[in-house]
Amino acid sequence: MTLLKKIRNWFGGTESDSPSRERLMAAFQDKYANFQTLLASNTELLTIIADIERTLDGQTVFGPSYIEALTMRSIFHASRMVRCLENMSGRPYPVLEKKLVEISGRIKSDTVDRPSAAPGKQPLVLPYEAIRRDAVELVGAKNANIGEIMNVLEIPTPRGFAITTAAFRHFIQANDLAASILRMKRKADLIETETIVEVSEAIQAQILAADVPDDMARVILNAHDQLVEAVGPGGRTPVKVSMRSSALGEDSALSFAGQYLTVLNVQHDRILSEYRRIIASLFSSHAIAYRLHMAMTFEDAVMAVACQEMIDALSSGVMVTQNPVNPLENRILIDAVWGLGPYAVDGIVPPDTYTLSKERLPQLLSSVQVPKNRQLVTDGDGQVKDGPVPENFRHQPCLTDDQARRLADYGMRLEAYFGGPQDIEWALDRQGRLVILQARPLRVQAAEAGSRGKKAGSIPGHMVLAEGGEIACAGVGCGPVFHVRGDADVAAFPDGAVLVCAQSSSQLVMAMSKARAILTDSGNITGHMASLTREYMVPTILNLKNITSILATGTEVTVDAFNGRVYAGRVPELADTEYKTTRAMVDTPAYQDLRRRADAIVPLNLKDPKSSGFAPAHCNTIHDIMRFVHEKAYEEIFQLGDLVSDRGRLSARLDAQLPLDLYVIDLGGGLSVDSTRPHKITADQVTSVPLAALLKGMLNDDLKSREPRPVHLGGFFSVMARQMVEPPNRATERFGDRSYAIISDRYMNFSSRVGYHYSVLDSYCGKTDAKNYINFQFKGGAADDVRRGRRARVIETVLIELGFLVNTVADRVTARIAKQGAPVLAEKLDWLGRLLIFTRQMDMLMHSDGLVSEMARCFLNGNYHLTPDKKKSDDTITR
């Protein structure tokens with residue numbers, strides 16, 4: 001027996017055998033929860049498919065971990081959609097499940113087996129002397145690279161040890177955190193900013209409250225004791241450490257630049273607490289958003305930690321072995337600041353810059369020194385602090401020419417060894433020794449020759465608002481300005497805006513997937529945020545000095561991040577031009593692997609729900625399954641109105657001047673009062689965003705009749721004739737006179753069934769545009785088929801004008817609009833509310849085809865009483 005039939009039986013029974021209100025509400029909430037989960041997975045799959053298609057353009061750098069995560073996520077969400085449909089309908093779909101297993105098998109046949117983690121058999125700590133690149137799954141790419149640099153290339157690096165991924169898994173298992181983290185992370189999989197923040201805070205709180213297991217704590221602190229002995233024999237010299245994340249996947253094909261925590265100048269007694277903070281940063285809101293964008297699952301979220309001897313740096317900075325935005329310029333670029341490196345990588349202070357040739361003996365081609373007033377320094381209490389640069393250093397270069405050349409030589413050796421351009425962090429200690437702190441692959445923006453070089457002139461006829469800065473990621477973006485001044489602004493960042501911020505920050509990653517372009521007052525192209533913008537391919541200009549004071553919120557601008565200009569308004573010559581880039585990944589094994597798996601995920605074969613082929617047996621891809629389940633889910637949700645008979649225990653009646661009997665069921669947050677307490681509610685007690693908007697339109701003052709509406713005699717007799725010839729058993733086609741709305745704070749399922757016609761509205765209006773939608777159905781009427789068809793065409797004409805996608809067959813209209821902001825959809829729902837009242841019994845007026853466009857025009861012009869010419873034909877009556 002299906003869920004619908006069970007509930008109908010409950011409603012149809014006697015008072016003694018009917019279920020409690022709690023049981024009925026639980027059934028509604030279960031169906032609603034499954035529907036929302038299904039829609040969330042549908043949104044995720046659409047994102048994954050789009051990401052695959054984008055990646056297959058060959059411009060995005062990716063590797064096996066990315067492919068595996070992406071394809072496994074597609075299987076997970078397809079399976080979850082099938083499961084939710086079965087829960088909604090109360091019956092299994094065995095053919096659909098069989099097809100999903102077949103498709104999953106095709107995808108998994110190409111899956112690379114990962115090394116299994118065997119807790120207890122792998123070391124919790126490894127000294128750098130024992131680390132090579134083949135230990136990457138145990139220590140992460142950052143630690144593995146440090147081991148190679150120290151032990152193979154013999155380039156100076158800080159001494160230290162790695163806390164391994166086996167230790168991370170031991171920590172999670174000992175504190176029984178895995179299940180709760182997975183459970184909470186399912187909410188964040190919706191890629192909805194506010195849920196990501198909530199989930200992040202909850203997971204990090206659990207990790208920070210957990211204890212490091214005793215055996216693990218002993219091993220870590222003993223490793224530090226051994227480092228103390230190596231640095232200062234006898235332990236007379238206190239040795240502090242820098243602790244850096246080394247997560248799996250970090251510093252590889254994906255940089256994760258600035259996403260995880262680094263803690264400097266850590267004393268012995270803080271090592272365990274700082275370890276917890278660093279692994280908790282694996283679940284920071286911006287790190288979760290980054291992994292979701294890159295389609296990495298929880299199983300890929302595993303953290304090792306680098307513990308390095310703390311370098312008391314005289315100067316520090318970043319070196320890239322190729323210009324990341326102009327690969328045709330084969331140069332080494334070095335940024336340098338006084339003190340510790342975070343002020344360089346985060347763009348806090350303007351750096352000295354050095355450009356060197358890539359020869360056997362690098363030559364210094366140019367250097368630019370800037371005044372330097374601030375620096376980040378260590379203190380004796382194991383902290384770091386902002387401090388002034390001594391007066392005699394403020395105008396001095398941070399590196400001598402010889403030091404710059406030696407650093408460039410290290411860079412060339414690292415590039416040659418690791419087989420590609422490198423992004424390197426370095427430090428100069430107070431004894432004049434240059435050390436490499438870390439190295440990772442540099443994301444270089446590939447472009448066809450001739451697309452860069454000498455800057456083009458400005459576009460005639462368009463005002464240039466700003467010019468200059470440093471181009472972190474080339475391209476063109478156009479949209480309204482949105483200023484980001486803190487975390488709240490990042491969370492509220494709208495799709496399609498241009499992000500403007502005073503300072504570059506890796507935490508802006510949460511908004512990068514929505515941004516058309518990014519502009520900042522400060523920052524540099526070698527910093528963390530610059531790396532992220534190239535991974536997200538967001539046109540970005542940094543270091544524009546005062547762009548935050550030049551651009552007002554909401555101003556439309558066009559960002560030309562090829563030539564470093566910001567124009568007022570939209571510049572079609574730039575915004576409408578496609579910029580071709582080379583397809584660097586096409587010939588790689590990773591690309592071919594993704595191409596094979598995409599064939600089982602992306603193609604859509606099921607396109608017409610009315611076709612006999614629209615069935616589980618014809619689902620041959622993940623996209624097919626998604627399409628089939630999505631269609632059937634709406635059929636289930638549209639039947640909710642059939643369950644509302646026991647109105648007294650589940651709902652409250654709306655007390656409003658409307659020509660319908662509306663009962664409201666609140667699933668939570670949709671009313672300012674408890675819907676089960678009062679017998680009646682008023683419109684101003686409705687807090688559900690979509691229902692409040694719909695009622696605003698239905699109760700529009702201009703719709704209230706001030707004089708009788710004309711009724712065409714032919715239409716009137718058409719209704720009478722239909723009722724006279726209709727057999728008694730035709731009553732099943734006549735809908736009941738009740739209407740209902742099942743609501744929550746952001747959701748509404750509204751069904752108006754009056755006489756011979758019905759309309760169904762299903763809508764979600766949340767904070768994430770990608771999840772928002774309105775689905776609308778209208779059918780029936782009391783007049784003959786021709787007149788009902790004309791009214792349907794009036795509705796179709798209006799909805800098309802309002803931006804809906806519309807399909808009309810006979811007297812049935814279906815329409816949809818999606819992926820719009822909640823205020824936009826609220827306005828559409830207001831229009832729909834007016835339209836439902838305006839078209840009520842209109843079929844009796846529709847005596848000619850010419851009235852279709854006339855009625856639509858009257859409605860769109862706000863002429864709801866049809867009174868522009870006051871003409872009445874001889875065959876109309878007044879009622």
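Modeller: One term to start with: pLDDT is the predictor's confidence in each residue, from 0 to 100. This is a predicted model, so to speak with care: local features need pLDDT of at least 70, side-chain atom pairs count only at pLDDT 80 or more, and totals for chains, interfaces and linings use all residues. Residues are numbered from 1 along each chain as its sequence is written, and side-chain values use heavy atoms, with hydrogens and water left out.

Colleague: OK, what's the mean pLDDT of the chain?

Modeller: The mean is 79, and 76% of the residues reach 70 or more. Over residues 6–18 the pLDDT is below 50, and beyond near neighbours in sequence that stretch has 21 contacts in the model (contact means heavy atoms within 4.5 Å). The pLDDT is also below 50 over residues 578–584, a stretch with 18 such contacts.

Colleague: How many helices and strands are there?

Modeller: The chain has 26 helices and 32 strands. Both are DSSP runs numbered from the N terminus: helices are H or I with at least four residues, strands are E with at least two.

Colleague: And how much of the chain is buried?

Modeller: Of its 879 residues, 55% count as buried. Buried means under 20% relative accessible area, exposed over 50%, and partly exposed in between (1.4 Å probe, protein chains only).

Colleague: Give me one residue. Is Gln308 buried or exposed?

Modeller: Gln308 is buried, because its relative accessible area is 0%. It lies in strand S5, residues 303–309. Leaving aside neighbours within four places in sequence, Gln308 is in contact with residues including Tyr128, Pro158, Lys240 and Leu437.

Colleague: New topic: how many aromatic pairs are there?

Modeller: A search of the whole structure finds 11. Rings of Phe, Tyr and Trp (its six-membered ring) pair if their centres lie within 6.5 Å; planes under 30 degrees apart count as stacked, over 60 as edge-to-face and the rest as tilted.

Colleague: Why is the pair of Tyr417 and Phe418 edge-to-face?

Modeller: Because the planes are at 80°, with the ring centres 5.2 Å apart. Tyr417 is partly exposed at 29% relative accessible area, while Phe418 counts as buried at 16%.

Colleague: What about Phe859 and Tyr864?

Modeller: That pair is tilted, 5.6 Å centre to centre with 50° between the planes. Phe859 and Tyr864 are both buried.

Colleague: What lies over the face of Trp831?

Modeller: Arg834 does, at 4.2 Å from the ring centre. A charge sits over a ring if NZ of Lys or CZ of Arg is within 6 Å of the ring centre and within 35 degrees of the ring normal.
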